Amino acid sequence: MRPTTHAVVLGGGLAGTLAAAALARHVDEVTVVERDVMPDGPEPRRGVPQARHSHLLWCGGARAIEALLPGTTEALLAAGAHRVGLPSGLVLLTAHGWMPRWPETHFMISSSRDLLDSTVRRQVLGRPGVTLRQGVRAVGPVGTAERITGVRVRDERSGETFVLEADFVVDATGRASRADRWLAGLGLPAVREETVDSGLAYATRVFRAPPAAGKDFPVITLQADPRDGQPGRGAALLPIEGDRWLVTLSGTRGGEPPTDEERFHAFARGLRSPVVAELIEDAEPLTPVHGSHGTANRRRYFERLDPWPDGFAVLGDAVAAYNPVYGQGMSVLAHGAVLLDRILGRHGLRPGTARRVQRAVAGPVDGAWQTAVGQDVQFPDVAGPSPSAVDRLLLRYLDRLVRTATSRPAAAEAFLEAITLSGPMTRLVGPKALLTTLLGPRRPAPAAPTLTADERSRARGAGATPEVPDTV
């Protein structure tokens with residue numbers, strides 16, 4: 001009889017539960033170690049204060065989760081999440097103007113982060129062999145620089161410390177991960193780290209949606225224009241479960257949004273378009289204004305570490321965490337979990353598998369990192385390295401691509417395919433996208449929000465009538 005195989009996942013958030021789903025396909029038992037005590041349903045938890053703010057699950061991420069956990073999308077929609085077609089269901093103000101709402105080519109899932117996390121957690125913990133140990137904190141790895149054989153943990157309630165032996169350990173503890181220090185403690189070289197910090201802050205409030213708004217009300221996103229030399233200020237209005245609107249305001253260093261009710265509305269009115277402020281002017285608030293900082297882009301280049309110990313991998317925000325305004329973090333970590341599943345399926349637990357995993361998960365990270373950092377470096381008072389000549393050339397190209405996307409569907413398709421992680425980032429410079437971008441915009445972007453007359457009518461219960469759009 002073969003011995004029972006066991007994997008340990010550190011962190012019970014989205015990255016950890018998706019890693020557990022991947023591992024459960026290849027080992028007999030998976031233990032998820034989480035320092036918090038998890039809520040029974042879609043409720044906030046202490047260790048994830050940023051969960052109160054807007055989160056988008058792009059279709060590339062939704063498909064990745066579905067590949068690991070079939071039925072998750074259906075479960076989310078049954079619980080009230082919204083499926084939003086792209087660009088048909090997106091009212092988007094880019095740096096170059098409003099994006100037309102062409103027929104759907106992609107989609108996103110709009111819900112609270114709490115609903116997404118709890119839905120995935122329930123699906124994963126329903127798998128045979130998967131166990132959650134709550135109120136337990138990882139202390140450090142057990143093993144050598146050649147191979148990790150387990151993890152030492154501490155029960156936060158009793159103070160007891162013990163070892164969980166494992167054939168494979170995944171660190172999915174997020175921004176607070178100590179994996180780099182753990183590896184250095186085993187005698188491995190220092191892990192290179194890069195940080196680009198625009199000083200972004202968030203302020204979020206949830207409102208009751210007007211009864212007539214319906215399930216098909218669009219997502220509204222107002223992006224900053226980095227060319228104006230001012231701090232980057234923006235907003236997002238997301239229809240979420242429970243007939244609610246989640247409204248997040250954002251601002252980089254020097255333009256941070258306030259966290260009191262009166263100035264929250266004033267900040268929204270002072271954005272490049274007042275449409276979000278108008279929609280929530282008379283809406284019933286359901287929560288206080290919640291603020292958040294600590295949104296720097298930070299990447300650790302674990303994939304470059306040589307040598308790499310067998311039996312250990314780092315996933316999710318522990319590898320790279322991004323300015324959340326671009327909404328790619330959840331989709332990137334979902335792709336990382338799919339790669340973990342794929343590589344374990346090909347190579348099993350043999351030597352070298354962990355190194356393959358670590359190198360593979362850097363792939364989807366690369367594109368999201370370039371997107372986030374490439375935008376953030378353009379705002380004032382950013383802390384971090386200056387862009388290289390190649391970076392500046394790429395920024396100029398992407399700027400033209402987005403400007404072209406406001407009037408050419410082919411450019412919009414390339415932009416959406418990349419941002420939703422539906423295809424490789426190389427599609428941004430593929431022949432079709434490149435030719436369209438070189439041609440440039442065909443006409444000026446719409447001059448006003450692309451809400452339809454019906455949407456404006458249904459939103460009247462939430463405030464003043466938004467601006468009348470040009471023909472879409």
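In which hand, left or right, does α1 pass α4? The crossing is left-handed, meaning that the near helix is turned anticlockwise from the far one by less than a right angle, with clockwise giving a right-handed one.

Colleagues, this is a predicted model, in which local features need pLDDT of at least 70, side-chain atom pairs count only at pLDDT 80 or more, and totals for chains, interfaces and linings use all residues. Residues are numbered from 1 along each chain as its sequence is written, and side-chain values use heavy atoms, without hydrogens and water.

Helices are DSSP runs of H or I with at least four residues, numbered from the N terminus. The axes of α1 (residues 14-23) and α4 (residues 113-125) come within 9 Å and cross at roughly 25°; axes are lines fitted to C-alpha atoms over the stretch in contact, and angles run from 0 to 180 degrees between N-to-C directions. That makes α1 roughly parallel to α4, the term for angles under 35 degrees.

I turn now to α8. With α1, α8 packs at an angle of about 20°, the axes being 9 Å apart; the two are therefore roughly parallel to each other. Here the crossing is right-handed. From α1, L14, A15, L18, A19, A22 and L23 meet M330, L333, A334, A337, L340, D341 and L344 of α8, where contact means heavy atoms within 4.5 Å.

Finally, consider L340. Not counting residues up to four places away in sequence, L340 touches A19, A22, L23, F168, V170, L315 and V357.

How values were computed:
Parallel < 35°, antiparallel > 145°, perpendicular 65-115°, else oblique.
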